[in-house]
Amino acid sequence: MSEKKYSAPVTNPETAAFWDAAKEGKFMIKRCTACGEAHYFPRSICPFCYSDKTVWEEASGEGTIYTYSLMRKSPTGPYAIGYVTLKEGPSVQTNFVDCDLEKLKIGQKVKVVFKPTDGAPLPFFTVA
C-alpha cells in the first residue's frame with residue numbers, strides 16, 4: 001500500500017520558524033514570557049494575556065488523547081481526528097496516523113510524528 005500524500009502547509013513569516021523546525025523533526029510551541037502560558041498554534045500574540053512577548057520552545061511531542069472521533073465512512077478510508085493535550089499544557093487538534101484506529105482511547109499516550117509533503121512536513125500523532 002502506498003504512503004498517503006499530504007498537501008504542503010501554507011507558511012507565512014509568523015510561522016516560518018515552526019515549519020523550519022518541523023523539517024528538523026522538532027515540534028515547536030510558543031510560550032508567553034509575560035504570563036508564562038504555553039500555546040499552540042504558535043503565533044506572535046499570546047491568546048491568554050495578549051502580550052507580544054512570546055518565545056519559541058521545543059515541545060516534547062508527547063501528550064494524551066483528550067477526545068477523538070473515528071470517521072469510518074470516507075472516500076479515502078477511515079481516519080481519526082481529535083485533540084491531544086501536550087505534556088507542556090496546550091491542546092492540539094490533530095489527525096491520528098500509523099496506529100489501529102479502533103483501539104484509540106481517551107487518556108491514551110501519544111507522540112508526534114511528521115509526515116512528508118512537497119514543503120515542510122506536517123505534524124500528526126500516533127500511539128506512543
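Me: Which strands form the open sheet, and in what order?
Reply: This is a predicted model, to begin with. Three strands make up the open sheet, ordered β2-β1-β3, with antiparallel pairing. The edge strands are β2 (38–39) and β3 (54–58), each of which pairs on one side only.

Me: How many bridges hold β1 and β2 together?
Reply: Two bridges, in the antiparallel sense. As for individual residues, Lys30 has His39 in β2 as its bridge partner.

Me: What about β7 and β8, how many bridges there?
Reply: β7 and β8 pair over six bridges, again in the antiparallel sense. A hairpin of six residues joins β7 to β8.

Me: Which residue stands opposite Phe125?
Reply: Val112 stands opposite Phe125, which is in β8.

Me: Why is β8 described as largely enclosed by the rest of the structure?
Reply: Because five of the six residues of β8 are buried. The cut-off for buried is under 20% relative accessible area.

Me: Moving on to the largest nonpolar core. How many residues, and which have the most contacts inside it?
Reply: The largest nonpolar core has 28 residues. Those with the most contacts inside it are Phe27, Ile29, Leu86, Phe96 and Phe125.

Me: Which elements supply at least two residues each?
Reply: α1 (16–23), β1 (28–32), β4 (62–71), β5 (79–86), β6 (91–96), β7 (109–115) and β8 (122–127) each do. The largest share of this core comes from α1, with four residues.

Me: Take Leu86 then. What does Leu86 touch?
Reply: Not counting residues up to four places away in sequence, Leu86 touches Phe27, Ile29, Glu62, Gly63, Val92 and Phe125.

Me: Change of topic: pockets. What volume does the second largest pocket have?
Reply: The volume of the second largest pocket is about 150 Å³.

Me: And which residues line the second largest pocket?
Reply: Its lining consists of Phe18, Trp19, Phe27, Tyr40, Val92, Gln93, Thr94, Asn95, Leu122, Pro123, Phe124 and Phe125. At least two lining residues come from each of α1, β6 and β8.

Me: Next, Tyr66. Where is Tyr66 found?
Reply: Tyr66 is in strand β4.

Me: Is Tyr66 buried or exposed?
Reply: Tyr66 has a relative accessible area of 56%, so it counts as exposed. The cut-off for exposed is over 50%.

Me: What does Tyr66 touch, leaving out sequence neighbours?
Reply: Tyr83, Val84, Thr85 and Ile106, once residues up to four places away in sequence are not counted.

Me: Last one, Glu14. Where does Glu14 lie?
Reply: Glu14 is in the segment before α1. Its relative accessibility is 39%, so Glu14 counts as partly exposed.

Me: Which residues is Glu14 in contact with?
Reply: Glu14 is in contact with Arg43, Ser44 and Trp56, leaving aside neighbours within four places in sequence.

Me: And how far apart are the C-alpha atoms of Glu14 and Ala59? What is their separation along the chain?
Reply: The C-alpha atoms are separated by 18 Å, and Glu14 and Ala59 are 45 residues apart along the chain.

Conventions:
Residues are numbered from 1 along each chain as its sequence is written. This is a predicted model: local features need pLDDT of at least 70, side-chain atom pairs count only at pLDDT 80 or more; totals for chains, interfaces and linings use all residues. Side-chain values use heavy atoms; hydrogens and water are left out. A nonpolar core is a set of buried Ala, Val, Leu, Ile, Met, Phe, Trp, Tyr and Cys residues joined through side-chain atoms within 4.5 Å. Buried means under 20% relative accessible area, exposed over 50%, partly exposed in between (1.4 Å probe, protein chains only). Contact means heavy atoms within 4.5 Å. On a 1 Å grid over the protein atoms alone, a cavity is a set of points where a 1.4 Å probe fits but cannot get out, and a pocket is an open set with protein on both sides within 12 Å along at least five of seven lines; lining residues have an atom within 4 Å of a point. Grid points are joined across faces, edges and corners, and a volume is the space filled by probe spheres set on the points. Two strands pair if DSSP finds at least two bridges between them.
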